[in-house]
2 protein chains.
Amino acid sequence: MLKISDFAQLSRVSPKALRLYDRMGLLKPIKVDSQSNYRYYSATQLPRLNRILVFKELGFSLEEIGCLLNENISLAEIRGMLRLKQSEIQQRLLDDQSRLIRVEMRLQELEQEKSMSNYEVILKPIKSQLVAATLGIIPNFDDCGPILESLFDQVYTYAFGNGLKEVGCGINIYHETTLRDKDIPVEAVVPIPHKIPTSDRIWIYKLPEVETVACVVHHGSFASLGNAYCTLLEWVGKHGYQISGSTREVYLQYERNGDPSQYVTEVQIPVEKAA
Amino acid sequence: MLKISDFAQLSRVSPKALRLYDRMGLLKPIKVDSQSNYRYYSATQLPRLNRILVFKELGFSLEEIGCLLNENISLAEIRGMLRLKQSEIQQRLLDDQSRLIRVEMRLQELEQEKSMSNYEVILKPIKSQLVAATLGIIPNFDDCGPILESLFDQVYTYAFGNGLKEVGCGINIYHETTLRDKDIPVEAVVPIPHKIPTSDRIWIYKLPEVETVACVVHHGSFASLGNAYCTLLEWVGKHGYQISGSTREVYLQYERNGDPSQYVTEVQIPVEKAA
DNA sequence: TCAACACTTTGCCCTAAGGGGAGAGTCAAG
DNA sequence: CTTGACTCTCCCCTTAGGGCAAAGTGTTGA
């Protein structure tokens, strides 16, 4: 018959924790004085408490331990819970390994560049979306503005002309992955909420989903968009990915003849883990 | 000017999280309508939000991210926080690796033995304690009871005779680590709360602390204490430890001529990581 | 036998990062 | 004008207890 603090000292578990285990049914005192509600424990309860502690160290929650200590639990169930916990821990290990590598890469960058990059590369999935699209060719990058505007004009005009009120923001898709600085084919697409007829210049289709794109958000004039590409391409290589699809530019904020410093563009490159 | 759910969709961060980031000062909307309290965001805030997300994936708490995003933080401080996080992750990795191994060992045991062991081995430190002690020799294990009782009688009698009211429970220390089944020297010690004089048979000293003991709690007659030793020794070997000191038996619950099924004994073996 | 002190009880609030929901106010379209 | 979709704030919930407060209990010294 030990008082709670004696038992706590014996087991090196705080009285608070012992009360919690009592309330959760993991370890009931051998006796509770009905008048004072004092809890009384016995040294014979140490094996059970130690079992609780061991399972806790193995990463089980108190609720799970409640199941594990239940008298009528089969060995198969125990095995199942252990295997489940095993895969949980393995997953956390993998996550932490990747996290660790990314932290270390940031430290390296910091040492080399003496400043933090302006861009954060993030990975995300892109959902399939219905779009209206047209094709064009950019003779050279220095003068792509008017051509792109004209392409999007065509798509927007067509979409509004077919009764649409609200459309998504413009997206450029560069289907050519080889580097070329002249006569670049480009597809100008605009997400639309529902189907409209196709024309000879504008076609409607469902842009397939992309499992993973690496992307950066560029804030400012298109003139400095090259930095975004540099960051993105370097990141893809360094982190063990490879390009697996057509690059897109999403014009999240853009106004014709507006202030270029207010433009916001997201550059997306579909990627997959390099073999 | 995007409403919260538009911005949420754009960034794939829930409105709930955006409100939290607002409240924590991580990402304030560009405008809050003073009458309706509606939050309005701009696509220009995506880079900052992405930075938040990246740091979150690296394992930083929102509070830490608040520091990291603070304008007037030096590169040295950022480096410091990264290094701190790095060591945190490394520690968690090590913990999880050891956890994983222990879970796998339990699974193996389960496969082999078709039942769960009765003992849980736990590691703990033992604090230094003041004790009264005497030495004896056990001719053979089969008949150790009376001799041990006599040894403890001497110590208890001496302690009470010197005015002590409360003493700890008896501990046997087997200083001999070599296996011997006859004439085993044993030290019977009893923790005492403060100094008393030494005699020729009973001496008082401070039992040094032990950094780590592996221990099991045995519940029942001493006759089956061998099982506890088996479990413990097997565990020590399997888990990559080696014995680094004298084994102890702590008689947590014992009553002369009492019911042996109520005895509780803790067997402790000092261990250290094997090289 | 009483006062003092150590101990125990329950209950409440706190943690991190939101999720879920209620009740009330707001916005845009028909 | 109404309706439905959004948004706001506020409250409770999650883990495994820690900290504290008020009230009750046990032991000990005088």
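In this predicted model, chain B can be superposed on chain A with an RMSD of 0.1 Å by a turn of 180 degrees, with a shift of 0.0 Å along the axis. That is the relation of a two-fold axis. Within chain B, the residue whose C-alpha comes closest to the rotation axis is Leu93(B), at 3.1 Å.

Gln90(B) gives a view of the contact between the chains. This residue belongs to helix α5 of chain B, and with a relative accessibility of 33% it counts as partly exposed. When its neighbours within four places in sequence are left aside, Gln90(B) is in contact with Leu100(A) and Glu104(A). Along its own chain, Gln90(B) lies 97 residues from Glu187(B), and the C-alpha atoms of these two residues are separated by 43 Å.

Rolling a probe the size of a water molecule over the atoms shows where empty space is left. The count comes to four cavities of 30 Å³ or more. The largest cavity has a volume of about 80 Å³. Its lining draws on both chains: Arg106(A), Glu109(A), Leu110(A), Glu113(A), Ser115(A), Met116(A), Ser117(A), Tyr119(A) and Glu120(A) take part, together with Phe55(B), Ile78(B) and Leu82(B). The elements that give two or more residues to this lining are α5 (75–113) of chain A and α5 (75–113) of chain B. The largest share, four residues, comes from α5(A). By class, the lining of the largest cavity comprises six nonpolar, two polar and four charged residues.

The second largest cavity holds about 40 Å³ of space. Residues of both chains surround this cavity as well: Leu10(A), Ser11(A), Arg12(A), Leu46(A) and Asn50(A) from chain A, with Ile122(B), Lys124(B), Val217(B) and Glu266(B) from chain B. At least two lining residues each are supplied by α1 (4–11) and α3 (46–57) of chain A and by β4 (122–126) of chain B. The lining of the second largest cavity has four nonpolar, two polar and three charged residues.

A further residue of chain B, Lys273(B), is found in strand β12, which spans residues 264–273. With a relative accessible area of 56%, Lys273(B) is exposed, since the class of exposed residues begins over 50%. Apart from its neighbours within four places in sequence, Lys273(B) is in contact with His239(B), Gly240(B), Tyr241(B) and Gln242(B).

The cysteines remain to be considered. A disulfide is a covalent bond between the sulfur atoms of two cysteines. Over all chains, the count comes to zero disulfides. For a pair to be counted, the sulfur atoms must lie within 2.5 Å. The cysteine sulfur closest to that of Cys169(B) belongs to Cys215(B), at 13 Å, which is too far for a bond. Cys169(B) is partly exposed, with a relative accessible area of 27%, whereas Cys230(B), at 51%, is exposed.

Conventions:
Residues are numbered from 1 along each chain as its sequence is written. Chains are lettered from A and ligands numbered from 1 in the order in which they are written. This is a predicted model: local features need pLDDT of at least 70, side-chain atom pairs count only at pLDDT 80 or more; totals for chains, interfaces and linings use all residues. Side-chain values use heavy atoms; hydrogens and water are left out. Copies are superposed by least squares on the C-alpha atoms of residues with pLDDT of at least 70 in both. Buried means under 20% relative accessible area, exposed over 50%, partly exposed in between (1.4 Å probe, protein chains only). On a 1 Å grid over the protein atoms alone, a cavity is a set of points where a 1.4 Å probe fits but cannot get out, and a pocket is an open set with protein on both sides within 12 Å along at least five of seven lines; lining residues have an atom within 4 Å of a point. Grid points are joined across faces, edges and corners, and a volume is the space filled by probe spheres set on the points. Ala, Val, Leu, Ile, Met, Phe, Trp, Tyr, Cys and Pro count as nonpolar, Asp, Glu, Lys and Arg as charged, and the others, Gly among them, as polar. Contact means heavy atoms within 4.5 Å.
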